[in-house]
Amino acid sequence: MSGLRGQSADLAFDALADPVRREILAVLGDADELSAGGLAERISSVGRTAVSTHLRVLRLAGLVTERRAGRFRYYAIDPDGAAADVIAALRGLFHGSLADVRRSVEPGAGESLRAAHG
């Protein structure tokens, strides 16, 4: 990937590599918006401090937004941030792969493969 959108997707993919961060995103996807404490209550694999650290990584990667209200911080998935870049990158990867699969299952494709290897 190249350019700013590619860098954004690279950061997001790095953030998504961690299973705790993916779990945080799944919880946010179900809840729309939660405080850091609310998230920590739902993530049993790590403590509250670790959840906050993971939220920081997700925020810096552009995958979540942070809203401050008094002393609380609320997090939500950012549909316009890097998540859009990740989806676009995956579509591009799979589009080429799906086109290859479609070509291989088209009528006559099997005959040409047999002739080539026959």
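**View 1. The buried residues of helix H4.** In H4, the buried residues are Val 51, His 54, Leu 55 and Leu 58; buried means under 20% relative accessible area, exposed over 50% and partly exposed in between, with a 1.4 Å probe and protein chains only. Looking down the H4 axis, these buried residues fall within an arc of 105 degrees, so they line one face of the helix; the arc is that of the directions from the helix axis to the C-beta atoms. This is a predicted model, in which local features need pLDDT of at least 70 and side-chain atom pairs count only at pLDDT 80 or more, while totals for chains, interfaces and linings use all residues. Residues are numbered from 1 along each chain as its sequence is written, and side-chain values use heavy atoms, with hydrogens and water left out.

**View 2. The length of H4 and what follows.** Helices (H or I, at least four residues) and strands (E, at least two) are DSSP runs, numbered from the N terminus. Helix H4 covers residues 48-60, and at 1.5 Å a residue its 13 residues should span 18 Å, which agrees with the 18 Å between its end C-alpha atoms; the expected span is 1.5 Å times one less than the number of residues. Just after H4 comes Gly 62, with a positive phi of about 80 degrees.

**View 3. The open sheet.** Here three strands are arranged in the order S1-S3-S2 with antiparallel pairing; two strands pair if DSSP finds at least two bridges between them. Strand S1 (33-35) and strand S2 (64-69) stand at the edges with a single partner strand each, so one side of each has no neighbour in the sheet. Follow S1 to strand S3 (residues 72-77) and you will find three bridges. Glu 33 stands opposite Ala 76 in S3.

**View 4. Helix H2 against helix H4.** The axes of H2 and H4 come within 10 Å and cross at roughly 80 degrees; axes are lines fitted to C-alpha atoms, for helices over the stretch in contact, with angles from 0 to 180 degrees between N-to-C directions. That makes H2 roughly perpendicular to H4, a term for angles of 65 to 115 degrees. The contact (heavy atoms within 4.5 Å) involves Val 20, Arg 21, Ile 24 and Leu 25 of H2, together with Val 51, His 54, Leu 55, Val 57 and Leu 58 of H4.

**View 5. The two sides of H2.** Val 20, Arg 21, Ile 24, Leu 25, Val 27 and Leu 28 are buried in H2. Their arc around the axis is only 160 degrees, which puts them on the same side of H2. Turned away from that buried side is the face with the exposed residues Pro 19 and Asp 30.

Methods
Angles under 35 degrees count as roughly parallel, over 145 as roughly antiparallel, 65 to 115 as roughly perpendicular and the rest as oblique.
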